[in-house]
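Below is a briefing on one protein model, grouped by topic. Please read it alongside the sequence and the coordinates.

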Amino acid sequence: MKTDHAKLRYIEVSAADLPVYCPMPNTSLWNAHPRVVIPVDKTGEARCPYCGTLYKFKGELPKGH
């Protein structure tokens, strides 16, 4: 169940962080959920389907191949 706190939480990421996964490497193990890819490079921001954390891309989005 998502909490209001999780809905308000966001993390800024950059091209150096791609690919972005949730939970992030610095997340405590007791608070972890299954690791999922967060597709911020497509729209500039995306939410984790498990915890609701919003990931926002900072800077210019990468160009397609």
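**Fold and model**

Read from the N terminus, the elements of the protein follow the order α-β-β-β-α-β-β. That makes two helices and five strands, where helices (H or I, at least four residues) and strands (E, at least two) are DSSP runs numbered from the N terminus. This is a predicted model, in which local features need pLDDT of at least 70 and side-chain atom pairs count only at pLDDT 80 or more, while totals for chains, interfaces and linings use all residues. Residues are numbered from 1 along each chain as its sequence is written, and side-chain values use heavy atoms, with hydrogens and water left out.

**Overall figures**

- Of the 65 residues of the protein, 28% count as buried; buried means under 20% relative accessible area, exposed over 50%, and partly exposed in between (1.4 Å probe, protein chains only).
- Among contacts in the protein with a separation of 6 or more, 41% come from residues 24 or more positions apart, a contact being heavy atoms within 4.5 Å.

**Sheet**

- An open sheet is formed by three strands in the order β1-β5-β4, with mixed pairing; two strands pair if DSSP finds at least two bridges between them.
- β1 and β4 (45–47) are the edge strands, each pairing on one side only.
- On average, neighbouring strands of this sheet are turned by 20 degrees against each other, direction ignored; the axes are lines fitted to C-alpha atoms, and angles run from 0 to 180 degrees between N-to-C directions.
- β1 and β5 run parallel and are joined by four bridges; Y10 stands opposite L54 in β5.
- β4 and β5 pair in the antiparallel sense over three bridges. E45 has K56 in β5 as its bridge partner, and A46 has Y55 in β5.
- The hairpin of β4 and β5 has six residues between the strands, and G52 there takes a positive phi near 85 degrees.

**Nonpolar core**

- The largest nonpolar core has eleven residues: I11, V13, V20, C22, V36, I38, V40, A46, C48, Y55 and F57. Such a core is a set of buried Ala, Val, Leu, Ile, Met, Phe, Trp, Tyr and Cys residues joined through side-chain atoms within 4.5 Å.
- Two or more residues of this core come from each of β1 (10–13), β2 (20–22), β3 (36–38) and β5 (54–57).
- In soluble globular proteins, nonpolar side chains tend to be buried together.
- Leaving out residues up to four places away in sequence, V20 touches V13, V36, V37, I38, V40 and Y55.

**Loop residues**

- H33 lies in the loop between β2 and β3. H33 counts as buried because its relative accessible area is 18%.
- Beyond residues up to four places away in sequence, H33 touches C22, P23, C48, Y50 and C51.
- P39 lies in the loop between β3 and α2 (40–43). P39 is partly exposed, with a relative accessible area of 41%.
- P39 and Y55 are 16 residues apart along the chain, and their C-alpha atoms are separated by 9.0 Å.

**Rings and charges**

- The charged end of R35 sits over the ring of Y21, 3.7 Å from its centre. The criterion is NZ of Lys or CZ of Arg within 6 Å of the ring centre and within 35 degrees of the ring normal.
- The charged end of K56 sits over the ring of Y10, 4.8 Å from its centre.
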